[in-house]
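Please look through the structure shown here before reading on.

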Amino acid sequence: KVIVAGNDEVKLDKINDVLELKRDAVADHAAIRKNRETIAQFYQDQGFLLSAVEVDLVPVGEGEIDVRFTVDEHAKVRVRDIEITGNRAISSDDLRAAMGTRKPGALSFLSGSGTYSRQTLERDVSVLTGLYLDRGYATVKINPPAERLSKDKKFMHVAIAIDEGPQFS
């Protein structure tokens with residue numbers, strides 16, 4: 001068997017979709033390790049940055065084992081604030097509006113908005129670069145975002161530094 005425990009926030013169906021292990025198959029330690037990493041990455045993508053996944057091989061009979069993944073989810077990390085510096089041509093509010101990374105809103109418990117995701121933040125850098133390129137800033141440089149986790153490990157502070165350069169027409 002393949003058993004997943006500790007998944008309170010993420011449904012088992014979603015975890016099973018990313019698992020490649022099958023019942024009644026030969027135990028492959030490399031595949032088991034890969035699936036543990038896949039579950040951990042899946043949780044990271046869902047905003048559970050501090051989650052951890054452990055794997056145990058439980059003997060159940062002669063030559064048979066159960067693979068047990070135990071997930072320690074922790075809480076989702078939320079975006080506390082997004083600080084943008086170095087921008088003169090485009091307001092910080094307009095830049096934030098174009099971003100997928102945003103602070104939690106009134107209905108974020110329904111939509112999941114405000115949850116920190118490194119992938120979304122990386123995509124946002126491309127979006128911001130595109131905004132500047134569309135306005136003639138061909139040499140714009142957007143530094144990789146600085147991320148700082150709060151002391152209580154519940155919130156992420158994001159800082160983005162922009163060097164617009166000259167505008168071309």
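**Basis**

This is a predicted model, in which local features need pLDDT of at least 70 and side-chain atom pairs count only at pLDDT 80 or more, while totals for chains, interfaces and linings use all residues. Residues are numbered from 1 along each chain as its sequence is written, and side-chain values use heavy atoms, with hydrogens and water left out.

**Salt bridges**

Side chains of opposite charge can pair when their charged atoms come close. Here a salt bridge is a side-chain nitrogen of Lys or Arg within 4 Å of a carboxyl oxygen of Asp or Glu. Searching the whole structure gives four salt bridges. Among them are the pairs in this table.

| Pair | N to O distance |
|---|---|
| E20 and K34 | 3.0 Å |
| D93 and R96 | 3.2 Å |
| R118 and E147 | 3.2 Å |

The places of these residues are given by helices (H or I, at least four residues) and strands (E, at least two), which are DSSP runs numbered from the N terminus.

In the bridge between E20 and K34, E20 belongs to the loop between α1 (12-18) and α2, and K34 to helix α2, so the pair ties together parts that are 14 residues apart in sequence. E20 is exposed, at 51% relative accessible area, and K34 is partly exposed, at 42%.

D93 and R96 both belong to helix α3 (residues 92-98), where they are three residues apart, about one turn of the helix. D93 counts as exposed at 58% relative accessibility, whereas R96 is partly exposed at 27%.

For the bridge of R118 with E147, the partners are in helix α5 (residues 118-134) and strand β6 (residues 146-149) respectively, so this pair ties together parts that are 29 residues apart in sequence. R118 is partly exposed, with a relative accessible area of 42%, and E147 is partly exposed as well, with 33%.

**Aromatic rings**

Rings of Phe, Tyr and Trp (its six-membered ring) are taken as a pair if their centres lie within 6.5 Å; planes under 30 degrees apart count as stacked, over 60 as edge-to-face and the rest as tilted. By this rule there are three aromatic pairs. One of them joins F42 and Y43, whose rings are edge-to-face, at 6.4 Å centre to centre and with 85° between the planes. Y43 also pairs with F48: the ring centres are 5.5 Å apart and the planes are at 65°, so the pair is edge-to-face. Through ring pairs, F42, Y43 and F48 are linked into a cluster.

The charged end of R80 sits over the ring of F155, at 3.6 Å from its centre.

**The largest pocket**

A pocket is an open set of points, on a 1 Å grid over the protein atoms alone, where a 1.4 Å probe fits, with protein on both sides within 12 Å along at least five of seven lines; lining residues have an atom within 4 Å of a point. The largest pocket holds about 310 Å³ of space. Its lining has 18 residues, and K1, K22, D24, A25 and I65 are those nearest its centre. β3 gives the most, with four residues.

**Backbone and distance**

Most residues other than glycine have a negative phi. D24 has a positive phi of about 60° although it is not a glycine. D24 lies in the loop between α1 and α2 and is exposed, at 76% relative accessible area. K153, also not a glycine, has a positive phi of about 60°. K153 is in the loop between β6 and β7 (155-163) and is partly exposed, at 44%.

E9 lies in the loop between β1 (2-5) and α1 and counts as exposed at 57% relative accessibility. From E9 to T139 there are 130 residues in sequence and 43 Å in space, C-alpha to C-alpha.

Definitions and conventions:
Lys NZ or Arg CZ within 6 Å of the ring centre and 35° of its normal. Points joined across faces, edges and corners; volume = space filled by probe spheres on them. Buried < 20%, exposed > 50% of the residue type's maximum accessible area, 1.4 Å probe, protein only.
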